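Open your viewer and get ready to click along.

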Amino acid sequence: MSVGRSTVECRECPLLGCPGLHNPPADKLDLIQTFKSGEVAVDRGGQVLIQGTTSAHVYTVLEGVLIRFRLLDDGRRQIINFLFPGDIVGLQAALNEPMTHGIEALIDARLCTFPRDAFRSFISGFPELSYDLIWLAAKEEAALEEHLVALGQRNARERIAYLALFLIERAEGTCMTDGPHKLNLAVTQSQIADMLGLSLVHTNRSLQTLRREGLVRWTLTVIEIPDMEAVRRYVQVDSSLTRKRPFI
């Protein structure tokens, strides 16, 4: 992970105008700029936060996709969630708690950095930003609820279709897709299995079945859903629950 001074002014943020994020007023952008201390670049596979440690910074994702995961003592790993541009990283660190999970870059990523020691006083002075953080925390909880439903109630094909839908919807909201409902993202079958609690064999067979049925095309580098509404019906996800996210 390489650290550098800020290179992107908040008023020129590439996320402005993305359909899944609210466009903040100029004064809010200026406020965020005063708190931003720099940026870090993370190569694919690099860790931003390490489980069990504390961090001197809180981050927001500027570019790329990262995974949040929990490691067991024997080395097994559970991927908990995927982080996209606009997401906040390390909120536990802001509350002076050791991280209960790790954060790793799934692809090359860039993050904005904010000093942890000034985080509480900064947020407490600006109620609108405090509300945004509460909203994001609630949204994270809702996403984890949906992931739990996938693990507990959906079969293997439904789990994979749900994950593909989740990733493409997040990518579309953050200007990351490469054509209609198509995302160029390198996700291995092992990572899919780590997220969904499946064996590699079951993962591979389910991917082939979804492709034959025309629901999801998922290769080593591309995720594509020809008919988003068909997949929403297949996995029983309500598209009306999708909302724009705050910009921080």
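## Stop 1: a pair of helices

Begin by selecting helix 4 (residues 127-153) and helix 5 (residues 156-173): in this predicted model, their axes come within 9 Å and cross at roughly 160°. An angle over 145 degrees counts as roughly antiparallel, and helix 4 and helix 5 are therefore roughly antiparallel to each other. The crossing of helix 4 and helix 5 is left-handed.

Now show the side chains where the two helices meet. On helix 4, pick Ala 143, Glu 146, His 147, Ala 150, Leu 151 and Gln 153. On helix 5, their partners in the contact are Glu 158, Arg 159, Tyr 162 and Phe 166. Colour this contact of helix 4 with helix 5 by class and you will find five nonpolar, two polar and three charged residues.

## Stop 2: the disulfide

Which two cysteines form a disulfide? Select Cys 18 and Cys 175, whose sulfur atoms sit 2.3 Å apart. The disulfide count comes to one. Turn the view to look at the S-S bond: the angle about it is -140°, and the link of Cys 18 and Cys 175 is left-handed.

Next, trace the chain out from each end of the link. Cys 18 lies in the loop between strand 1 (2-4) and helix 1 (26-35), while Cys 175 lies in the loop between helix 5 and strand 10 (182-184), so the pair ties together parts that are 157 residues apart in sequence.

Is each end buried or partly exposed? Cys 18 is buried, at 2% relative accessible area, whereas Cys 175 is partly exposed, at 48%.

## Stop 3

Select Cys 10 and Cys 112. Cys 10 is in no disulfide, and the nearest cysteine sulfur to its own belongs to Cys 112, 6.4 Å away. The cut-off for a disulfide is within 2.5 Å. Cys 10 is buried, with a relative accessible area of 7%. Cys 112 is likewise in no disulfide, with the sulfur of Cys 10 as its nearest, and Cys 112 is buried too, at 8% relative accessibility.

## Stop 4: back to the loop

Check the backbone here: Cys 175 has a phi near 60°, a positive value in a residue other than glycine. Then move to His 181, found in that loop between helix 5 and strand 10. The phi of His 181 is also positive, about 55°, although this residue is not a glycine. With a relative accessibility of 27%, His 181 counts as partly exposed.

How values were computed
Residues are numbered from 1 along each chain as its sequence is written. This is a predicted model: local features need pLDDT of at least 70, side-chain atom pairs count only at pLDDT 80 or more; totals for chains, interfaces and linings use all residues. Side-chain values use heavy atoms; hydrogens and water are left out. Axes are lines fitted to C-alpha atoms, for helices over the stretch in contact, and angles run from 0 to 180 degrees between N-to-C directions. Helices (H or I, at least four residues) and strands (E, at least two) are DSSP runs, numbered from the N terminus. Angles under 35 degrees count as roughly parallel, over 145 as roughly antiparallel, 65 to 115 as roughly perpendicular and the rest as oblique. A crossing is left-handed if the near helix is turned anticlockwise from the far one by less than a right angle, and right-handed if clockwise. Contact means heavy atoms within 4.5 Å. Ala, Val, Leu, Ile, Met, Phe, Trp, Tyr, Cys and Pro count as nonpolar, Asp, Glu, Lys and Arg as charged, and the others, Gly among them, as polar. Buried means under 20% relative accessible area, exposed over 50%, partly exposed in between (1.4 Å probe, protein chains only).
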